[in-house]
Amino acid sequence: MSAAEAKGGVIGTRKLRREDPELLAGKARFADDLVIPGALYMVMVRSPFAHARIRSIDVESALGVPGVVGAYTGADLAGEWAGPMPCAWPVTPDMKNPPHFPLATEVARYAGDGVVAVVATTKTAAVDAAALVSVEYEELSPVLDLEEAASDSEVIYEDFGTNASFVWSVEPDPDGVRQAFDQAAVVVSERYVHPRLIPAAMEPRAIAVVPSPMGDEYVVYSSTQIPHILRVMLALTAGISETKLRVVAPSVGGAFGSKLDVYAEELLCLALARRLKQPVRFTEERGEATMATVHGRGQVQQIELAADQDGKVLAVRANILADMGAYLQLVTPGVPLLGAFLYHGLYDIPNYSFTCKGVFTNKTPTDAYRGAGRPEATFAIERAMDTLADKLGIDPAEIRRRNFIPADKFPYSSAAGLSFDSGNYGPNLEKALDLAGYSALREEQARRVAAGDSHLLGIGISCYVEMCGLAPSRVLGALSYGAGGWEAATVRVLPTAKVQVVTGSAPHGQGHETSWSMIVADRLGVPPEDVEVLHSDTSISPLGMDTYGSRSLSVGGSAIFVAADKVVEKARKIAAHQLEVAEEDLEFASGSFKVKGSPDREMPLAGIAFEAFTAHNLPDGLEPNLEASVTWDPPNFTFPNGSHIAVVDVDQETGAVELLRYIAVDDCGNQINPMIVEGQIHGGIAQGVAQALFEEASYDSEGTLVTASLADYLVPSAAELPSFELANTVTPSPTNPLGVKGIGEAGAIGSAPAVINAIVDALGHLGVTNCPMPATPERVWKLLQQAKAHK
């Protein structure tokens with residue numbers, strides 16, 4: 001331990017992630033790496049059509065391939081299901097949710113919809129056999145454009161008579177909104193489109209199900225981010241007792257929300273392992289992943305701002321069309337609701353209206369993707385704020401200053417109905433502006449325009465606030481979410497003074513083992529190296545709500561913090577009994593209890609742990625062993641914020657956009673490990689920049705995904721990005737004992753609007769007021785030509 005750590009000061013120090021050596025050396029075990037004797041391999045036959053009636057399926061040729069065990073249609077497996085695949089977020093009582101089973105039976109509703117599962121003794125045989133499955137389709141007209149789908153000119157589900165799954169609104173004071181727009185000196189009305197995004201995790205999905213010798217218990221290995229939720233949903237859907245299911249998430253190579261789901265292949269592997277009494281495994285191919293794993297985003301937004309002549313925003317009104325895709329996955333309809341309360345951003349806006357219409361299309365289902373609803377909300381308000389600034393001739397930084405929620409208003413009751421825990425937004429923005437050298441950038445921008453430079457400079461500002469730590473459970477219940485927001489933890493000091501931590505949070509790249517060991521080391525006064533963190537196995541950690549929504553630290557970490565403190569309090573009772581003093585006469589520091597005024601009289605935690613184990617001399621009524629378990633359900637969400645600035649160069653001759661600099665000043669409350677915080681911000685910025693400049697899941701007119709490989713879908717590398725310039729401010733959250741807020745999605749939330757604002761800022765003097773995403777050279781060049789034609 002360092003000197004700081006020896007004093008208990010582990011929290012806040014920079015430490016390398018303990019997970020990384022195994023990952024970097026190729027020694028980590030992912031689901032596809034598992035050696036499972038006798039395992040059968042499953043391969044999917046998928047519909048090539050976006051919308052087609054299944055007339056017939058012929059598997060005879062496939063069954064003739066050596067090694068093939070079976071080829072199963074939806075009809076073959078109909079008896080395996082206790083119900084359809086789960087959607088855990090019925091956002092309205094009248095939400096339309098078409099029954100969705102692991103294999104389509106009568107109609108395939110998107111290109112990639114599973115039709116047949118082929119099982120063989122080798123993957124090669126299964127692939128060969130799948131190619132021989134003959135499916136006769138009757139092509140139906142696909143419904144692809146989101147706005148056309150919303151018009152119901154053609155309906156996907158005839159029984160519904162509409163493509164609308166739900167309409168959900170929040171408008172606490174309709175009269176106030178109406179009056180604000182009627183009396184506004186300035187009204188801004190903008191339309192923005194969020195393209196669909198392919199999550200493209202480094203590791204495609206993989207599943208292996210191993211039945212017990214008796215065939216009545218099952219171990220499910222899955223590259224999931226929700227092993228506990230997955231176990232519940234598998235039990236309900238497959239009709240298997242939850243006590244007979246063990247779900248293990250081995251090393252997981254990224255997820256970004258896409259593995260916060262229950263997939264057809266997980267259910268199929270389980271059902272076929274039960275039927276065949278043999279292990280069954282499936283590993284997704286990269287091309288498959290682009291269409292069979294959920295997509296993110298997919299929205300058309302209409303946002304309006306009502307403001308006075310000084311730029312003070314009086315009301316915001318947002319109307320959203322959200323693309324559900326062909327079916328509702330686990331939390332599909334709830335994703336836009338996660339941003340529903342944040343279309344006013346971090347601004348003190350007294351009147352608020354939000355309406356979202358969820359619409360079915362013949363495309364891959366959408367679901368959570370890094371930020372899940374919050375990036376969409378931030379993009380809308382931050383782009384609209386820049387438009388308002390331009391309309392009034394006010395600097396984009398100044399328009400934000402005039403509208404920030406004042407620091408003395410926290411906790412802040414927003415017009416949308418939330419209670420923001422804490423914030424101090426002004427200094428955060430000023431720090432970003434100083435780091436960027438904002439005034440000098442503006443001077444350089446003006447110089448280039450005056451000189452007629454072919455390369456234009458753009459400066460884009462994006463200030464965000466997000467709603468993290470998906471909890472408390474009662475609030476989630478009020479939003480009709482099908483689960484709670486709590487998290488479970490156990491801290492156990494073993495007789496040899498080593499510490500075990502059991503967490504219900506399931507990491508997939510966040511560094512839980514490092515951060516959790518630091519929290520416990522700090523509270524117990526032990527070296528972090530003496531703390532082992534156990535996770536992602538429902539037999540070891542039977543209780544948990546898993547990892548998503550930047551909830552791990554504020555909820556899971558807080559549970560560990562509280563459990564560690566309970567361990568200390570139990571140890572205090574033992575120490576007081578053995579030292580024959582009152583509990584209040586003891587001080588705990590550096591892993592040892594000392595008697596106040598008699599520092600020579602002490603008892604280390606190591607000794608107490610052994611005494612608790614032997615139980616020879618414990619206080620009456622105190623249970624043996626030194627451990628504590630906690631289920632933490634926080635009283636509120638947390639609300640991290642930040643100010644991001646993008647500086648771009650736009651080549652007027654080619655339309656190419658180069659991101660020259662990226663400055664991010666984030667406030668995630670207290671930081672456990674600043675190095676992990678920085679890594680999370682880096683990754684989030686890269687994904688947000690990718691949305692702004694590179695990534696889009698594109699379909700042709702027949703509903704075929706034309707970006708079905710990484711040759712067509714551009715995931716940026718370090719070569720496309722500058723070194724990010726990071727700083728932070730710290731405004732602790734009062735709603736959890738660690739004072740933390742969450743950081744995993746921040747970069748993805750702030751970056752896309754910063755980049756698009758920068759491009760529009762570069763082209764603004766030419767009359768350009770908007771730029772679609774992604775801002776490809778072709779699109780930017782066309783904007784330039786249109787602007788010059790109208791000059």
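Strand 19 (residues 487-493) and strand 20 (residues 499-503) run antiparallel and are joined by 5 bridges. Helices (H or I, at least four residues) and strands (E, at least two) are DSSP runs, numbered from the N terminus, and two strands pair if DSSP finds at least two bridges between them. The model is predicted: local features need pLDDT of at least 70, side-chain atom pairs count only at pLDDT 80 or more, and totals for chains, interfaces and linings use all residues. Residues are numbered from 1 along each chain as its sequence is written, and side-chain values use heavy atoms, with hydrogens and water left out.

Val493 has Val499 of strand 20 as its bridge partner. An open sheet of 4 strands has the order 21-20-19-25, and its pairing is mixed. Strand 21 (531-534) and strand 25 (626-632) are the edge strands, each pairing on one side only. On average, neighbouring strands of this sheet are turned by 15° against each other, direction ignored. Helix 15 (residues 512-524) packs on the sheet and touches strand 19, strand 20 and strand 21, and its direction makes about 135° with that of strand 21. Here contact means heavy atoms within 4.5 Å; axes are lines fitted to C-alpha atoms, for helices over the stretch in contact, and angles run from 0 to 180 degrees between N-to-C directions.

Ser515 lies in helix 15 and is buried, with a relative accessible area of 8%. Buried means under 20% relative accessible area, exposed over 50%, and partly exposed in between (1.4 Å probe, protein chains only). Not counting residues up to four places away in sequence, Ser515 touches Ile672 and Ile676.

Helix 18 (residues 674-693) has 20 residues and reaches 28 Å from its first C-alpha to its last, close to the 28 Å expected at 1.5 Å a residue. The expected span is 1.5 Å times one less than the number of residues.

Strand 22 (residues 586-589) and strand 23 (residues 592-595) run antiparallel and are joined by 4 bridges; Glu587 has Lys594 of strand 23 as its bridge partner. This hairpin has 2 residues between the strands, and Ser590 takes a positive phi near 50°. Strand 23 also pairs with strand 24 (residues 598-604) in the antiparallel sense, over 4 bridges, and Phe593 stands opposite Met603. In the hairpin of strand 23 and strand 24, also with 2 residues between the strands, Gly597 takes a positive phi near 85°.

The count of aromatic pairs comes to 20. Rings of Phe, Tyr and Trp (its six-membered ring) pair if their centres lie within 6.5 Å; planes under 30 degrees apart count as stacked, over 60 as edge-to-face and the rest as tilted. The ring centres of Tyr192 and Phe379 are 5.6 Å apart and the planes are at 90°, so the pair is edge-to-face. Tyr192 lies in strand 8 (residues 186-197) and Phe379 in helix 10 (residues 374-392), so the pair ties together parts that are 187 residues apart in sequence. Both Tyr192 and Phe379 are buried. The rings of Phe588 and Phe593 have centres 4.6 Å apart and planes at 40°, so this pair is tilted.
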